Amino acid sequence: MKTKKIIALVIVIIVIAAGVGIWLINANNNNNLNSNANINNNKYEENNVASIEENAVNEDSTEDREISDNNIAIIYFSATGTTRKVAGYIKELTGGDLIEIEPKQKYTNDDLNYSNNNSRATKEQNDSSARPEIANTIDTDPYDVIYLGYPIWWGNAPKIILTFLDESNLSGKTVIPFCTSGSSAITTSVSYFKNNYKNVNWLDGRRLGSSESEVKDWVNSLNY
Ligand SMILES: Cc1cc2nc3c(=O)[nH]c(=O)nc-3n(C[C@H](O)[C@H](O)[C@H](O)COP(=O)(O)O)c2cc1C
């Protein structure tokens, strides 16, 4: 009988000990879970801080991009508005500064009459030394990349574009010509630029129609 009591007591002790053991293990696990959760929370916070900081850096780099966008200028001459419209699209796409080359003496319809050999435009295009005056001061210093736009006159760039090139220091800058025309290509004018203004990094440029999507495809392909 006494032996039976001792055995029962031992069993009770074992059961209690086992219960306490299981509880301790559970408590320990919970602690681990909690501390893991804390670690995870901390990590989450760290990640959050990191991603906030990263966002700030991204915002900074967006600002950087805006600043570099300001290093782009779209400088153009347009007598009847076609090239101006295209230049406006390029401004929208690049965020660059839009600058018009304004002739001191504006071109009248008579001046632009290409059926008349004595019209001002025709005479200028036939005179290799013609450099029509520009009314506004154009500061190209802040820009690394310049889109240069003009209409084709008698297969070439209007002489006022040469006035602009003669008066500007574009050394080392990238200049991207673009033109509008009835049908003539841009190539003759760009060859002239490349041969006569050799310190400029000339791109081949493009003759553009007035379709915005064409302008967009071209500008995107340039990656500036
Ligand atoms: C004096 C003069 C000469 C022109 N010569 C040509 C030419 O040789 N080839 C051509 O395709 N278009 C020629 N054109 C058409 C213009 O290039 C075209 O209309 C251009 O888009 C006008 O641009 P703007 O409106 O920006 O001035 C000439 C236009 C003028 C006024």
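So, which residue in β4 does Ile146 stand opposite? It's Val175, and I'll build the rest of this talk around that part of the fold.

Quick housekeeping. This is a predicted model, so local features need pLDDT of at least 70 and side-chain atom pairs count only at pLDDT 80 or more, while totals for chains, interfaces and linings use all residues. Residues are numbered from 1 along each chain as its sequence is written.

Okay, the overall layout. The protein chain has six helices and six strands; those are DSSP runs numbered from the N terminus, H or I with at least four residues for helices, E with at least two for strands. Reading from the N terminus, you get α-β-α-β-α-β-α-β-α-β-β-α. Of the contacts with a separation of 6 or more, 75% are between residues 24 or more positions apart, where a contact means C-beta atoms, placed from the backbone, within 7 Å. Buried residues make up 21% of the 224 residues. Buried here means 20 or more other C-beta atoms within 10 Å of the residue's own, with C-beta atoms placed from the backbone.

Now, β3, residues 145–151. Seven of its seven residues are buried. In a regular strand the side chains alternate between the two faces of the sheet. Val145, Tyr147, Gly149 and Pro151 sit on one side of β3, with Ile146, Leu148 and Tyr150 on the other.

What does β3 pair with? β1, in the parallel sense over five bridges, and β4, also parallel, over seven bridges; pairing needs at least two DSSP bridges between the strands.

Two crossovers go with that. β1, α2 and β2 make a right-handed β-α-β unit, and so do β3, α4 and β4. Right-handed means that, with the strands pointing away from the viewer, the path from the first strand over the helix to the second runs clockwise. In α4, residues 159–167, the buried ones are Lys159, Ile160, Ile161, Leu162 and Phe164, and their cover includes α3 and β3.

On to the core. The largest nonpolar core has 36 residues, and Ile90 and Ile146 touch the most other members. A core is a set of buried Ala, Val, Leu, Ile, Met, Phe, Trp, Tyr and Cys residues joined through C-beta atoms within 7 Å. Setting aside residues up to four places away in sequence, Ile90 touches Ile74, Tyr147, Val215 and Val219.

Phe178, in β4, is worth a stop. Why is it buried? Because it has 23 C-beta neighbours inside 10 Å. Beyond four places in sequence, Phe178 contacts Val86, Tyr147, Gly149, Gly205, Arg206 and Leu208.

How values were computed
Buried ≥ 20, exposed ≤ 12 C-beta atoms within 10 Å, placed from the backbone. Contact = placed C-beta atoms within 7 Å.
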